[in-house]
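Biologist: I would like to go through the terms used for this model, with the cut-off behind each.
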Amino acid sequence: MKIIHLSYPHEMKSKDYGPISMAIGFFDGVHKGHQQVIGAAIEKARSKDMKSAVMTFDPHPSLVLGGRKEEVFYITPLNQKMAILQEMGVDICFIVRFTSEFAKLSPEQFIEHFIKSLGVKQVVAGFDFSFGSKGGGDMALMESFSGGEYAVTTVGKLEEGNEKVSSTRIRHLLKDGLVEPVHQLLGRPYRISGTVVNGDKRGRTIGFPTANIEPELGTFVPKRGVYAVRIEVQGAYFDGVSNVGYKPTFHNPDIKNLVIEVHILDFDKSIYGEKVTVEWYKRIRDEQKFSGIEELKQQIGRDKETAKQYFGG
């Protein structure tokens, strides 16, 4: 997949990419609803002998414009989003730098600079996609301004459980640690990438060594608690149990240092410095404080068995 960075007005020199079928949207999470939009653009490209493309934006518009009541974090940081799009078979991804200057573009200017000048012949977006200053453009306007230069496809709302599949819904679920319904809405487990760093090695002393993971900047970590996870290490996947929290049995509760620890089942290798990916499958329990090490060890043993059973023994 070719990745092309665009910014307005400095890097808008027209290039010939050939005829393009392009899906437009922020696509944070690349959830099932987004997959329908992107899939429609890919299908149009194949049927009409065009290149498939996605146009997305960076950073999130709310970080530039403000005005959203909810806290915004990325479900899929940019590099993870690119990897998913590549897996889907997208030929080109345009990453548009979202700036205050870009946000001032009228809908007509957006179409001129970001649709027509790129040689787009098919535009695909969700029913609620808006563009241009203050979101003044919608898909009906996109079609009316085409001048016959491109076709427009609008993809309808996707629902699961009588509720729209949306990035906002997924963020709320992650805040509550509900990773199983997130898996359902994404069509894949929620993933966090990071680096294995030195911890206090206390887990090793009680028979449950853990990998301490420093997540990539901008990553959202699910609610504190214990989870059944899978971890990718050096290209191989292993089952595990993750604790997200402040280790209250050992630590002063006034010292807030959130830690992601993964006890990897049937694994005994030193992996400090390795880049890993954690996939979140099931919330087992809340984080809790124990009366002592023996009670903690017994509970970790039960958590380990729960994870083993979840992953099929």
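Biologist: How many bridges join strand 5 to strand 6?

Modeller: Five bridges join strand 5 (residues 120–126) to strand 6, and the two run parallel. This is a predicted model: local features need pLDDT of at least 70, side-chain atom pairs count only at pLDDT 80 or more, and totals for chains, interfaces and linings use all residues. Residues are numbered from 1 along each chain as its sequence is written, and side-chain values use heavy atoms, leaving out hydrogens and water.

Biologist: What makes strand 5 and strand 6 a pair?

Modeller: Two strands pair if DSSP finds at least two bridges between them; here there are five, so strand 5 and strand 6 pair. Strands themselves are DSSP runs (E, at least two residues), as helices are (H or I, at least four), numbered from the N terminus.

Biologist: Why is strand 6 called an edge strand?

Modeller: The open sheet has the order 1-4-3-2-5-6, with parallel pairing. Strand 6 (151–155) pairs on one side only, as does strand 1 (2–6).

Biologist: Why is T153 called buried?

Modeller: T153 is found in strand 6. Buried means under 20% relative accessible area, exposed over 50%, and partly exposed in between (1.4 Å probe, protein chains only). T153 has 18% relative accessibility, so T153 counts as buried.

Biologist: What joins the side chains of T153 and Q122?

Modeller: A polar contact of 2.8 Å joins them. The term requires a pair of N or O atoms within 3.5 Å; within protein, one must be able to donate a hydrogen and the other to accept it, and residues adjacent in sequence count only if both atoms are side-chain atoms.
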